[in-house]
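Have the structure open and turn it as you read.

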Number of protein chains: 2
Amino acid sequence: MVTVAVGTRPSPARPGEAYRGRGAAALRSLVAVGLVVQKYGGSSVADAERIRRVAERIVAVRKRGDSVVVVVSAMGDTTDELLALAQQVSPLPQARELDMLLTAGERISMALLAMAISSLGLKARSFTGSQAGMITDSAHGRARIIDVTPGRIRAALEEGAIAIVAGFQGVSQDTKDVTTLGRGGSDTTAVALAASLHADVCEIYTDVDGVFTADPRIVPHARKLDRVSYEEMLELAAMGAKVLMLRCVEYARRYDVPVHVRSSFSAHDGTLVTAKAAIQSTEETVEHAIISGVAHDRSEAKVTVVGCPDKPGVAASVFRALADAGVNLDMIVQVGSVSVGTASQAGRADISFTVPEADGAHAIQALEKVRPEIGFERTVYDEHIGKVSLIGAGMKSHPGVSATFFGALADAGINVEIISTSEIRISVVVRDSDVPGAVRSVHDAFELGGEDEAMVYAGSGR
Amino acid sequence: MVTVAVGTRPSPARPGEAYRGRGAAALRSLVAVGLVVQKYGGSSVADAERIRRVAERIVAVRKRGDSVVVVVSAMGDTTDELLALAQQVSPLPQARELDMLLTAGERISMALLAMAISSLGLKARSFTGSQAGMITDSAHGRARIIDVTPGRIRAALEEGAIAIVAGFQGVSQDTKDVTTLGRGGSDTTAVALAASLHADVCEIYTDVDGVFTADPRIVPHARKLDRVSYEEMLELAAMGAKVLMLRCVEYARRYDVPVHVRSSFSAHDGTLVTAKAAIQSTEETVEHAIISGVAHDRSEAKVTVVGCPDKPGVAASVFRALADAGVNLDMIVQVGSVSVGTASQAGRADISFTVPEADGAHAIQALEKVRPEIGFERTVYDEHIGKVSLIGAGMKSHPGVSATFFGALADAGINVEIISTSEIRISVVVRDSDVPGAVRSVHDAFELGGEDEAMVYAGSGR
């Protein structure tokens, strides 16, 4: 039933060339030499030895003829160490100064990487986010990219140098202050630069081999996906796959940047994220739905508003109260007149939704404030839940998918508390202790596994 | 015989006001609020605890009403740790990337200091060298300041904020690359900012109480100087006093910036460096020469060119060869027809000079290359020497000074190998083992000592 292409793409002699094969032939004739943007995370440059190894990998790509831009995160635990220092001098550090502090991390790793490359005989030059033209708004700690003006990067590439760029950081348009992009910021830097420079591919190096059909720690024979579409990757990221942050995938989709997620500890190809990647790859697609994989997320909690009056506008009032309080509630919602878990009066309904655990207390507070006005009975907060999601293109037009999905959960004796679906996803909320069993049974039912056990590296799953 | 004013200056209620007392009354009426530039070295901000203590000191000054600009070095051993990392990834790191790397150090300390000040309730904002307008040439690792354009610092001060500026760093005018100013760079940053902002004083906080009449580790009853002139400070710095770098004093003199060298570990006044500071301070000056102190330096070596032909132009050829090789030889030179230490042929002379030990091998190499052409016999290299210098204004017009100086050395049985003098200095080269005895005997002969033993802090003398 699984139709992800395996082994149909020839191993590229030159990355740039290989990725240009994805699209217009016209592009190939325009771009004389390929341009590859690579991003290395903190664990890939955690010490001098690893920095030297990454430098060798970059040099090998450059020597094959492609231009290379490298985006790098801070070394290993540097960011945590700097945060700890900040806590020691101030209980509530200002966001502007925190950004100034944290950006020292990438400054160190990028300079060291440039030195390591130079010592291998190639030209390399490092650039801060500001120097690389990452223009952002002024929201310190979670700045949004407004514009990318990589003039200095282009100049370095034209001189034949490898450009090393600090990930995660930028400069605010209004105040010219140093900003940071927040979680997953370095991936976003890489994709934004790749888009602005019209790179052939953005390679995201991490400590796992790519995107898997399920978390290999739960499903040992989970299979690495060779290709996945932006839409599927968005759902995977939103539903708990940690390998790429949602925001970075959104950026890649908007600017149609091919993203190659791969391991910095091996030479294997990883997972290529592109527009509708898997569809045309095999003949089987006309017959079967294409299932990408099973994602799970245990970081959310369930809030139930018990005994809402069964009349129009009540649900809207509940969600308006939460929105006004800035609570980021999940799309997964079920409104039923049958009470979830507790008995309710006739003519009343329960509303359940999930929120990030961090927002839980805030959500309950916001709801209790409007209880008299809305007239519901009480709120129930439950942290012991998990989400399990099946993601795949063309799911909606294959009714058999839902039947197989819920059949697998029923066979495993797993109780489903909330259901949510999209064009390419089915998600359920289950007890958190049921998450591993649910992932395994769904993964097996769709025959997503490979022959071998997946390689899991030290520190994987970050 | 010593006439440095002690205790004649009232202890200032507000630093800005106190220092304005030094000069034109007109200035006082123009400057409504004082402006103090303070510089804290690496040992003053070595950990979170010390950063908090420095923050308290800064806040106290600000609360007295003066505007404050703070220049800060990297925390403790950060620079050395970063250099060690660079060595691990590259045997010969590029100067541009080394500057990028090292400037992370001040970025960390300045952000932490700004946070610590904010947590005490005052506004603080940190600025990189580039943001502070420290425009330099492109000589990475030893950049020269070309211009200072502190628009953002002025804006921060106008908003009532304390401006924290990264020492040691700037941005190159041509390439817009990050540069560092080399040794003593943070002091130079502070003085350059003070000059550009027309500050009332530049306070250099260090781990000793100020400038002493001699190194307190050699002369326990050495006395702290309350005031010293730029010229004397220049000679002291050039002759081995480590407390202020030569370059920073040169800058201060050129722009007439009063520099107050003081300890960050005590509340005592330190040493004020200004134009002709000591001259008018007491009645005694008309009668006596003003001796500032005794400096020493053991970091040089002596090179002797033995048996030079005694004819015109030989010395010039020797020094041209050294200059062409970029050897930074000391001004102290003695050309004698009497050989130094070894017997020479009649009609031949020896030329001796001192060089920094690091340049020694290079100097010998350069000389050996021109030996056939010049026709001298051989070169002798001697690391076991030290320089001892007596510094004081008006020395030249007091012949008694030389007599007392050489008499003291003779009484102590110390052999003098080279002599050099300037308007305000007498220097001699002696055996390195004779340095402590020479310093003590000269210090005693001029009665430079105080009643008490000088306070020496852990790590002093840097």
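A word on pairing before we start: two strands pair if DSSP finds at least two bridges between them. The strands themselves (E, at least two residues) and the helices (H or I, at least four) are DSSP runs, numbered from the N terminus. What you're looking at is a predicted model, where local features need pLDDT of at least 70 and side-chain atom pairs count only at pLDDT 80 or more, while totals for chains, interfaces and linings use all residues. Residues are numbered from 1 along each chain as its sequence is written, and chains are lettered from A and ligands numbered from 1 in the order in which they are written.

Now find the open sheet of eight strands in chain A: its order is β3-β6-β2-β1-β9-β11-β12-β10, with mixed pairing. The edges belong to β3 (124-127) and β10 (227-229) of chain A; each has a single partner strand, so one side of each is left without a neighbour in the sheet. On average, neighbouring strands are turned by 20° against each other, direction ignored. Further in, β9 (201-206) and β11 (259-263) of chain A pair in the parallel sense over five bridges, with Thr206(A) standing opposite Ser263(A) in β11(A).

α5(A) touches β2 (67-72), β3 and β6 (162-166) of chain A, and its direction makes about 165° with that of β6(A). Contact here puts the C-beta atoms of two residues, placed from the backbone, within 7 Å.

How do the copies relate? Chain A can be laid on chain B with an RMSD of 0.2 Å by a turn of 179° and a shift of 0.0 Å along the axis, superposed by least squares on the C-alpha atoms of residues with pLDDT of at least 70 in both. That is the relation of a two-fold axis. In chain A, the C-alpha of Ala104(A) is nearest the axis, 2.3 Å from it. And 100% of the interface residues of chain A are also interface residues in chain B, so the copies meet through the same surface.

Definitions and conventions:
Axes fitted to C-alpha atoms, helices over the stretch in contact; angles between N-to-C directions.
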